[in-house]
Amino acid sequence: MRTQVAIIGAGPAGLVLAHLLSLRGIDSIVLERQTRAHIEARIRAGVLEQGTVSLLERAGLAGRLLRERMVHHGLELLFDGVGHRIPLTELTGTPITIYGQHELVKDLVEARLPRGPLHFEVSRVEVDPVTPRVTFTHEGEHHELDCDVIAGCDGFHGVSRSSIPDDALTVFEHDYPYAWLGILAQAPPSSEELIYGYHSRGFALHSMRSPMLTRLYLQVPPDDDLSRWPDDRIWKELRIRLAREAGDWQLSDGPIVERGITGLRSFVVDPMRHRHLFLAGDAAHIVPATGAKGLNLAVADVAVLAEALDEFFTSGNSSLLDSYSETCLRRVWRVQHFSWWMTSMLHRGPDAFVEQLQLSQLRYVTSSQAAATSFAENYVGLPLEGVSNA
């Protein structure tokens, strides 16, 4: 088998990259270890930056998204029992979009299937960044896939990054001393916008995935056991942490259709390239979910990579490919800092001193237009660097 670009992983990063390459006349084959049903059902991120939406729209991938999305022009920071709205659009000129990642993946799969190969349930994937070549098993048959470039879009636990020698990468990582208990509930959202709640009992987040699906989170210890959290306890704790002094707000509840505990961590590898293998998305970096940046950062990576590959295959010029890692990492570290800052500000700290620092920061962000603008600029997302119109 032969292709120009072998793409490992059919998440948002791999599927967006495949589509952007197809628009430029560049062949690719996408390999995914899970079933189609599995990747289309995974509940993940739901906040899209306007830069991400605009890229998807230019690429012809945003038809259903634009019809069904929820557009938010602000969010709320809740502390001391009082909500403070940050007017994102007023401060930056840019809103955010709520559209579930699993819904986006459905759209991306539909767009990919008529354009090029997308193989599900592949196994025994091995990546050779030097040759370059990918070997794998699909439908019981062994395949060797020769290519010019390999795009590792297979997530933190994928085979791509582990195919790079340890001494070729510098790893930066930080584990946070708390985790999120997340639920998906069949209930209408209780607020028109996201609520980030700081409380003495721990952080809470009210988000949504659709007009009838609410996504909610509670800060818990990393070693907590899900069996200790029956439905009644979850809803009781959410009501406590999201309560208002005025008492004029009610949390809608409903059947919990999904739940899980996820640790928070930051992770970056430098460089994001080894020989003919380019890492993108979670294969190269992980951010805590507090800043809602993971999916957007993955799309930003592959936008840069698609532009670089276009130049390489069109003219033979590898300058953009050679600067791929440096270009992406500038954005990665800005996003890492913002996500770390938000996480540190909103999660219950280890002592009273840290708690007072957090409250001081929250008061500053919600009382200073300059501080609120800086927060809003980072939250709605920076422009996609070095990316021309698709």
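Two strands count as paired here if DSSP finds at least two bridges between them. With that in hand, this predicted model shows an open sheet of six strands with mixed pairing.

**The six-stranded sheet**

- Reading across the open sheet, the strand order is β8-β2-β1-β12-β19-β18.
- The edges are β8 (118–119) and β18 (273–274), each of which pairs on one side only.
- Strand β2 (residues 28–31) runs parallel to β8, and two bridges join them.
- Within that pairing, L31 sits opposite H119 in β8.

- Strand β5 (residues 75–79) has five of its five residues buried, so the rest of the structure largely encloses it.
- In general, side chains in a regular strand alternate between the two faces of the sheet.
- In β5, L75, L77 and F79 point one way while E76 and L78 point the other, and all are buried.
- On the antiparallel side, five bridges join β5 to strand β6 (residues 82–86), with L75 opposite I86 in β6.
- β5 and β6 make a hairpin with two residues between them, and D80 in the turn has a positive phi of about 55 degrees.
- Strand β14 (residues 195–197) runs parallel to β5, with three bridges joining the two; here L78 stands opposite G197.

**Helix α1**

- Helix α1 (residues 12–23) has 12 residues and spans 16 Å from its first C-alpha to its last, close to the 16 Å expected at 1.5 Å a residue.
- The helix is largely enclosed by the rest of the structure, because 11 of its 12 residues are buried.
- Among those buried residues are P12, G14, H19 and S22, along with L15, L17, L20 and L21.
- Just after α1 comes G25, which takes a positive phi of about 75 degrees.

- Leaving out residues up to four places away in sequence, L17 touches I7, A151, C153, V302, L305 and A306.

**Salt bridges**

- K293 and E49 meet through their side chains at 2.7 Å, N to O, and both residues are buried.
- R133 pairs with D146, their closest N and O atoms being 2.7 Å apart.
- R133 lies in strand β10 (residues 133–138) and D146 in strand β11 (residues 141–146), so this pair ties together parts that are 13 residues apart in sequence.
- Both ends of that pair are partly exposed: R133 has a relative accessible area of 30%, and D146 has 26%.
- E237 and R241 also form a salt bridge, with the closest N and O atoms 2.9 Å apart.
- Both residues lie in helix α8 (residues 231–241), four residues apart, or about one turn of the helix.
- E237 is buried at a relative accessible area of 7%, and R241 is buried at 4%.
- Salt bridges that share partners also join R64, E68, E103, K106 and D107 into one network.

- C147 is in no disulfide, and the nearest cysteine sulfur, in C153, is 13 Å away.
- For C328, the closest cysteine sulfur is also in C153, at 11 Å; a disulfide needs the sulfurs within 2.5 Å, so this pair is too far apart for a bond.
- C147 counts as buried because its relative accessibility is 3%, under the 20% cut-off.
- C328 counts as buried as well, at 3% relative accessibility.

- E355 is found in helix α12 (residues 352–367).
- At 18% relative accessibility, E355 counts as buried, because the cut-off is under 20%.
- Leaving aside neighbours within four places in sequence, E355 is in contact with Y198 and R348.

Notes:
Residues are numbered from 1 along each chain as its sequence is written. This is a predicted model: local features need pLDDT of at least 70, side-chain atom pairs count only at pLDDT 80 or more; totals for chains, interfaces and linings use all residues. Side-chain values use heavy atoms; hydrogens and water are left out. Buried means under 20% relative accessible area, exposed over 50%, partly exposed in between (1.4 Å probe, protein chains only). The expected span of a helix is 1.5 Å times one less than its number of residues. Contact means heavy atoms within 4.5 Å. A salt bridge is a side-chain nitrogen of Lys or Arg within 4 Å of a carboxyl oxygen of Asp or Glu.
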